[in-house]
4 protein chains.
Amino acid sequence: MIKVGIVGGTGYTGVELLRLLAVHPQVQLTAITSRKEDGLPVADMYPSLRGRVNLAFSAPDKVDLTQCDVVFFATPHGVAMEQAPALLKAGVKVIDLAADFRIKDQAVFEKTYKIPHTAPQLIEEAVYGLPELNRDDIKAAKLIANPGCYPTTMQLGFVPLLKAGVVDAGNLIADCKSGVSGAGRKAEIGILFSESSDNFKAYGVSGHRHTPETVAQLQRFTSDKVGLIFSPHLVPMIRGMHSTLYARLTKEISNEELQALFVDAYKDQPFVDVMPFGSHPETRSTRGANMLRLALHRPDNGDTVVVLVVQDNLVKGASGQAVQCMNLMFGLEEGLGLNNIALLP
Amino acid sequence: MIKVGIVGGTGYTGVELLRLLAVHPQVQLTAITSRKEDGLPVADMYPSLRGRVNLAFSAPDKVDLTQCDVVFFATPHGVAMEQAPALLKAGVKVIDLAADFRIKDQAVFEKTYKIPHTAPQLIEEAVYGLPELNRDDIKAAKLIANPGCYPTTMQLGFVPLLKAGVVDAGNLIADCKSGVSGAGRKAEIGILFSESSDNFKAYGVSGHRHTPETVAQLQRFTSDKVGLIFSPHLVPMIRGMHSTLYARLTKEISNEELQALFVDAYKDQPFVDVMPFGSHPETRSTRGANMLRLALHRPDNGDTVVVLVVQDNLVKGASGQAVQCMNLMFGLEEGLGLNNIALLP
Amino acid sequence: MIKVGIVGGTGYTGVELLRLLAVHPQVQLTAITSRKEDGLPVADMYPSLRGRVNLAFSAPDKVDLTQCDVVFFATPHGVAMEQAPALLKAGVKVIDLAADFRIKDQAVFEKTYKIPHTAPQLIEEAVYGLPELNRDDIKAAKLIANPGCYPTTMQLGFVPLLKAGVVDAGNLIADCKSGVSGAGRKAEIGILFSESSDNFKAYGVSGHRHTPETVAQLQRFTSDKVGLIFSPHLVPMIRGMHSTLYARLTKEISNEELQALFVDAYKDQPFVDVMPFGSHPETRSTRGANMLRLALHRPDNGDTVVVLVVQDNLVKGASGQAVQCMNLMFGLEEGLGLNNIALLP
Amino acid sequence: MIKVGIVGGTGYTGVELLRLLAVHPQVQLTAITSRKEDGLPVADMYPSLRGRVNLAFSAPDKVDLTQCDVVFFATPHGVAMEQAPALLKAGVKVIDLAADFRIKDQAVFEKTYKIPHTAPQLIEEAVYGLPELNRDDIKAAKLIANPGCYPTTMQLGFVPLLKAGVVDAGNLIADCKSGVSGAGRKAEIGILFSESSDNFKAYGVSGHRHTPETVAQLQRFTSDKVGLIFSPHLVPMIRGMHSTLYARLTKEISNEELQALFVDAYKDQPFVDVMPFGSHPETRSTRGANMLRLALHRPDNGDTVVVLVVQDNLVKGASGQAVQCMNLMFGLEEGLGLNNIALLP
């Protein structure tokens, strides 16, 4: 059994890890930290876990995380980079669900997140935890930078096109929509029910933190300079992410060939579902499941290809992907504990 | 492996059976019928099942359900009573999720559902599939009448009070609220998003079909005449049911003794969670899970006891309960395939 | 033109007052105070008011509210009682949307709200602002205690029964459901979208602040001792309130006579709509409108009468009712500025 | 008073017309037709209209619409073109909220809507009812083709850029999101609450009927060939539309100059609100109001301009715009009856 610790278990990616790990056949939940909720049984905060998770939150200084085999950081950025060095030194593997190790260029990281990086020596070692693109590295990794939810959809949607060299890499547009849980479990006016229900809006259109991460990752797959416009929006639903990706075709290519690019890219990927050309995937088809679905369109048979990508932002976009990485890191079957079916309706 | 057939797999209780049974370790999905969707792959209607359920719907006359070990009827009332006799004769067990065999008094059934009963010889044999109250009978049953969603909450909430004889059985009030999926997957104006979102209303307050079923079942546990006011309401959420039950105390009893009645009644029931006295259970704590939670209140320490009961109407209120019955009927562990944790948030 | 000031304009009852008063033909918005948002244009916080309300919030000490003809307090309880004495002394009328002057018994107030009352000399003078029951007093009032949203529905639903003496006053049950805006515009986890969407729960069932207010008001209409069980619930919708009221009949009375009690009581009330017997009013039929609708039921023709009552909690349950009172206090047509039709769908 | 008839009053644009016209000071509602609901009081279908609209639906053959001054067609496409000729001949003005007269090229219309046009002689005469671009023609018009909801946002968002010649007209992308009421009041599975709540999806991405209408209108403002990718999406909210428009800048232009293009274009338009550069308009800021708000962005100061446009699809996107046209056609103040403020929250 893998002994698992979770730092920052009170947020949505934390409780989602608990939901997945509590029924994972090879995991023993060992410690969940929260400075603020020290001593509170986890199930008192999340009654869905009553009778299933018997741990209480512990203050960070009251628990020895080096007894764990792996520690997940379900924290805001800036926490993992403080604690990861000691854990890694003690032989504990680390999976960070935040941004601390996602960007390889330290200067870009510091400019984007507006804090100094306190563990720059680990940046290079960290593996970007997107199994569909980095599986072998993840298997060997000790430190995982779990991708952001938006970047997961953008990469899995754009990469087959970039690798094939059939689109203008400098003119990519990603119009993305996320459920409100993506904003986290924070006491903020803007994400109150009465503010965000029956409402739709964009945010961060002039510039968003996920752009540099995504551009850097996309750049790995093309020698042309990547240019990306990324517009996130807030959808009045709890979970779910829908990215509508636009790229200009630069070569003659049939719809069948386009489709084949994606089918081939993902034919052995258990958690990516390439739907028939012209389909419209729905976010709910992934609700609660570790699954990303996508479909291609070519409006009026012109020179623009549209890729529709959906996932559950808390599962394939966060905690499910992190468990998928953990499975790979520990030599387990990649989908262990991740086989539940989406909740529909 | 148990070979399972589903009649009427296109509705919400049907797809919920598929979600649960597709990952059930002892089940082999064998046939799913739909007159209207003959030939359509199930996953084309429900993309959440892509890659997980490879069956197609079959017209009823194209499939031999007697090859199954058990057949679920996820149909409107009136269907199971037509087909159950032949199946039972062929040695196939039957679980009806509709109302055909819930009411023991044929005249009451016919008055309530306004159709003649075509298999009256089976009414007596049918076992009411509420495991917490009828487990032994279910184990031996060949024909299960799966309870209605509302009646499940009313029974599990009122019965400990009635058995203890501490409340006025003639003056029970159940103010119940259901998510919209309880109305089924029917093309009706009243349950359109634009009609039922951001809205709340009661329906059927002057008289509802679930009242006779509930009264008859409650009557088993008291010699006083049961009187029940049942008011259903429609909540703008997909899944979830919340019943607020009111009873007048007729005996001196402390809050601790009240609580003990429920704790004792359900201490060995894996799918009933008695929360601390004074708690407010939330429907989402059961979303997607086969779990019913309840909590007691005594407003201003007066002579009224209030029982708050929540469940997912499609799981413990329908398909999950049906699988729980199946497990019992086939000698399996009662919770097999039912251990996933509620989706929260 | 009536010069109007609003203290505490940043909350939902505040912005709702602005929505109504900005188009009121006899009102000149003069001052809106907010300690925290001093200097911020109101329309920057509420873009719905862009081009319609040109005022900015002022810190309380920067504005002279005695220049107003009337001041509304859209504040938490405890504020109006501090400021009302000076305003009244200066000849300014005061309408408090909070609880400071709703309860005539000072001891009950202080026990319920857990603060000392700092203007006890005004309690007696204050008029409870429910026009359907107190119109003449309101016309002559200088200080209005605007009723709570729940109490408005309970009173207008129960009073005709109590006045007629046909129900057991000691055994009233009010199962009430409110949209989330009723919880106000506060940065609290529990009312986040991701916490309260697709979810339903009760709260305060063991005891709620609105009970003493309601009991005291109901008691005015019967010589029997009023006993009330009040259970509030949170509905995943922004606006709307639905109260399901239960009373036991103590006299022989036909359904027609019951209906006549209500039709007679409200036949001259422009903002109460008695629907046909057996109707199921929907909250959305009052969305944004100053209207309360109700309908009677008698389940299975027994001895329980059920009254279904709906309103928009922010309009007839708060700000609309306050404007209705203002109209009466200033000798205007009662419905001036309140004639917009509910937003449906 | 203007005598108004409405053909097809049972749908959402119909009831929205009723909501607006019932309080319009210069309108007398005269006739509302519905073949199916003949004789039903309008307020029985829409209880929000109880006490406010006393008309009943009439079968089309039971009412003489030529007694009206103006007739609105709130019908599916294909109805207005059958009935408009006789009405116009009788001197009655006609406002069609459907598509019959929106496309000037008959062949394109017939290809797009897959029906023959039965009144081609009126196509040329019909005026496209977008007051901000065609005010003078509307004033003189007898037959109005009210724009589609999506096209309204796309035109008001793109036209200032096209007129100024600063963007690549051949490479416009409109990623649009609509509330579910845009799909109408039809008994269809796909728009049930349980299907479209807590869900997000695109539809019609490969080609949508609103594209030809929009392209033809946009083409009026540029000599370059317009190329438009239009991707509509369904948002789980009742009302509201958000269009995210992307265009490539082809000239050096500062953000201030971009902003000035829009400020100048709409400075005298009462129902278009140009927000500060970099704002994120919310759909709810227009809920129930005849208002379109927009804001400009320039991500990372690159060569793409993003225009965010919001409106209520049923008001500025349909019925409110139709009333705005009516006001102009009858020489009334343009905003008469359209001055209510958006419902927020």
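The model is predicted: local features require pLDDT of at least 70, side-chain atom pairs count only at pLDDT 80 or more, and totals for chains, interfaces and linings use all residues. Residues are numbered from 1 along each chain as its sequence is written, chains are lettered from A and ligands numbered from 1 in the order in which they are written, and side-chain values use heavy atoms, with hydrogens and water left out.

Cavities were searched on a 1 Å grid over the protein atoms alone (a cavity is a set of points where a 1.4 Å probe fits but cannot get out; lining residues have an atom within 4 Å of a point). Grid points are joined across faces, edges and corners, and a volume is the space filled by probe spheres set on the points. The search gives 15 cavities of 30 Å³ or more.

Helix packing was examined next. Helices (H or I, at least four residues) and strands (E, at least two) are DSSP runs, numbered from the N terminus. Axes are lines fitted to C-alpha atoms, for helices over the stretch in contact, and angles run from 0 to 180 degrees between N-to-C directions. Contact means heavy atoms within 4.5 Å.

In chain A, helix 1 (residues 12-21) packs on helix 10 (residues 315-329) at an angle of about 50°, with the axes 10 Å apart. Helix 1 of chain A is therefore oblique to helix 10 of chain A (angles under 35 degrees count as roughly parallel, over 145 as roughly antiparallel, 65 to 115 as roughly perpendicular and the rest as oblique). This crossing is right-handed (the near helix is turned clockwise from the far one by less than a right angle; anticlockwise is left-handed). Helix 1 of chain A contributes A:Thr13, A:Glu16, A:Leu17, A:Arg19, A:Leu20 and A:Leu21 to the contact. Helix 10 of chain A supplies residues including A:Val315, A:Ala318, A:Val323 and A:Met326. By class, 8 residues of this contact are nonpolar, 3 polar and 2 charged.

In chain D, the axes of helix 6 (residues 149-164) and helix 8 (residues 210-219) come within 10 Å and cross at roughly 30°. The two helices of chain D are therefore roughly parallel to each other. Their crossing is right-handed. Among the contact residues are D:Tyr150, D:Met154 and D:Phe158 of helix 6 and D:His210, D:Glu213 and D:Leu218 of helix 8. The contact holds 8 nonpolar, 4 polar and 1 charged residues.

Helix 5 (residues 131-139) of chain D meets helix 10 (residues 315-329) of chain D with axes within 9 Å, crossing at roughly 35°. The crossing is right-handed. Contact residues include D:Glu132, D:Arg135 and D:Lys139 of helix 5 and D:Lys316, D:Gln321 and D:Leu328 of helix 10. The classes are 5 nonpolar, 2 polar and 4 charged.

The peptide bond from C:Leu344 to C:Pro345 is cis, with omega near 5°. C:Pro345 falls in the segment after helix 10 (315-329) of chain C. The bond from D:Leu344 to D:Pro345 is cis, with omega near 5°. D:Pro345 lies in the segment after helix 10 of chain D. A:Asp198 is not a glycine, yet has a positive phi of about 50°. A:Asp198 sits in the loop between helix 7 (193-196) and strand 9 (201-202) of chain A.

Notes. On a 1 Å grid over the protein atoms alone, a cavity is a set of points where a 1.4 Å probe fits but cannot get out, and a pocket is an open set with protein on both sides within 12 Å along at least five of seven lines; lining residues have an atom within 4 Å of a point. Ala, Val, Leu, Ile, Met, Phe, Trp, Tyr, Cys and Pro count as nonpolar, Asp, Glu, Lys and Arg as charged, and the others, Gly among them, as polar.
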